[in-house]
Amino acid sequence: MRLFHSWACLHTEDPHPRKVPRPFVPFRWPILESAPGPELLHPGKCSFTEVMESRRSYRDLSPAPFESIVNAIALALHPRSLKVEDEFGRNRGPAISAGALHPISALIIPGRDDRRLMRYNALDHQVERLDCPEPAIEDWCVKAAMVLPNAVGSYVILIADSALPNAVYRSADSLIWRDSGAVLQLLAMVCEALRLGFCPMGLLGKEIAKSLDNEGRLCAVGSAVLGKCSTGGIAPAN
C-alpha cells in the first residue's frame with residue numbers, strides 16, 4: 001500500500017482552474033451523415049432505491065434495438081439546460097462533470113454484424129455516423145468479443161475531448177477520468193431502469209480514438225456493452 005501511495009503522489013497532481021482559460025475550438029468529428037435522435041422514452045415509475053438495489057452487470061446479452069440503445073445513452077448524456085453564450089458549451093446534465101463541461105462522447109458500434117461507428121451528439125441530440133477505418137473497428141470488436149463472448153449487444157466507447165477540460169483547468173487528467181466513471185455509473189443505472197442489460201468492459205478503446213485523431217487530443221476512457229437481458233430492470237413508460 002505504501003508503494004502504491006508513493007506512486008500516486010508522484011504521478012497525480014491536483015487540478016486547478018486557470019485564471020485565464022485557454023481558447024477552445026470544438027473537435028471536428030469526421031461525420032459522414034447525421035440524423036435526429038429518437039424521442040426520449042423515460043422508464044416507468046420506480047424508486048431510486050429499487051433501481052440501485054437491482055442494478056447488476058449482465059454478461060449474457062442479446063441484441064437490443066438500436067433506438068433503445070440510443071435512448072438509454074441520451075437519457076444519461078443529453079443536457080437538461082445550456083449556459084447561454086458560453087464558449088465552452090457548459091451545460092447541466094444528469095452526470096457530474098468538472099466545471100459542467102461534459103467532455104465525454106459516447107461512440108456506438110451497433111453490433112457484431114454492424115461495424116459502423118456512430119456518435120451520439122449530446123448537445124444537438126443527433127446520431128452521427130463517423131468516418132473510421134474498418135480495421136480499427138474490426139480489431140476492437142475482436143478484442144471485445146474475447147472479453148465478453150456471450151454479450152452480443154451494442155458496444156459503447158467513451159471518448160473524451162481532452163482539450164476542453166485542459167482549456168479551463170491545469171492538470172485536468174484526473175477530472176477526465178472522474179467524469180468517465182460518473183458516465184459509466186449513470187449508464188448502468190439508466191439501463192437497469194429501462195430493463196436493458198449493461199456490462200462495463202476492461203477495454204478503453206484507444207484504437208478507435210487514434211483512428212479518429214492522430215494528434216492525441218481524443219482520449220479513450222472506457223467502454224461497455226448494452227443489450228437485452230432475460231431478467232432484471234424496470235419496464236419503461238409508454
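Visitor: In which helix is Ser-180 found?

Guide: In this predicted model, Ser-180 is found in helix α6, which covers residues 173-193.

Visitor: Is Ser-180 buried or exposed, and which residues does Ser-180 touch?

Guide: A residue counts as buried when its relative accessible area is under 20%; Ser-180, with 2%, is therefore buried. Leaving aside residues up to four places away in sequence, Ser-180 touches Ile-104, Leu-158 and Val-221.

Visitor: Which residues of α4 are buried, and why do they lie on the same side of α4?

Guide: An α-helix has 3.6 residues a turn, so residues three or four places apart point the same way. In α4, the buried residues are Ala-136, Ile-137, Trp-140, Cys-141 and Ala-144; because they cover an arc of only 125 degrees around the axis, they lie on the same side of α4. The face turned away from this buried side carries the exposed residues Glu-134, Pro-135 and Met-146.

Visitor: In what order do the strands of the open sheet stand, and which strands are at its edges?

Guide: The seven strands follow the order β2-β7-β6-β5-β8-β11-β10, with antiparallel pairing. β2 (31-36) and β10 stand at the edges, each with a single partner strand, so one side of each has no neighbour in the sheet. Neighbouring strands of this sheet are turned against each other by 30 degrees on average, direction ignored.

Visitor: How many bridges join β8 to β11, and where does α4 touch the sheet?

Guide: Eight bridges join these antiparallel strands, β8 and β11, and the bridge partner of Ile-159 in β11 is Ala-220. Helix α4 packs on the sheet, touching β5, β8, β10 and β11, and its direction makes about 120 degrees with that of β8.

Conventions: Residues numbered from 1 in each chain as written. Predicted model: local features only at pLDDT ≥ 70, side-chain atom pairs only at ≥ 80, totals over all residues. Heavy atoms only, no water. Buried < 20%, exposed > 50% of the residue type's maximum accessible area, 1.4 Å probe, protein only. Helix = DSSP H or I, 4+ residues; strand = E, 2+ residues; numbered from the N terminus. Arc of directions from axis to C-beta. Contact = heavy atoms within 4.5 Å. Pairing = 2+ DSSP bridges. Axes fitted to C-alpha atoms, helices over the stretch in contact; angles between N-to-C directions.
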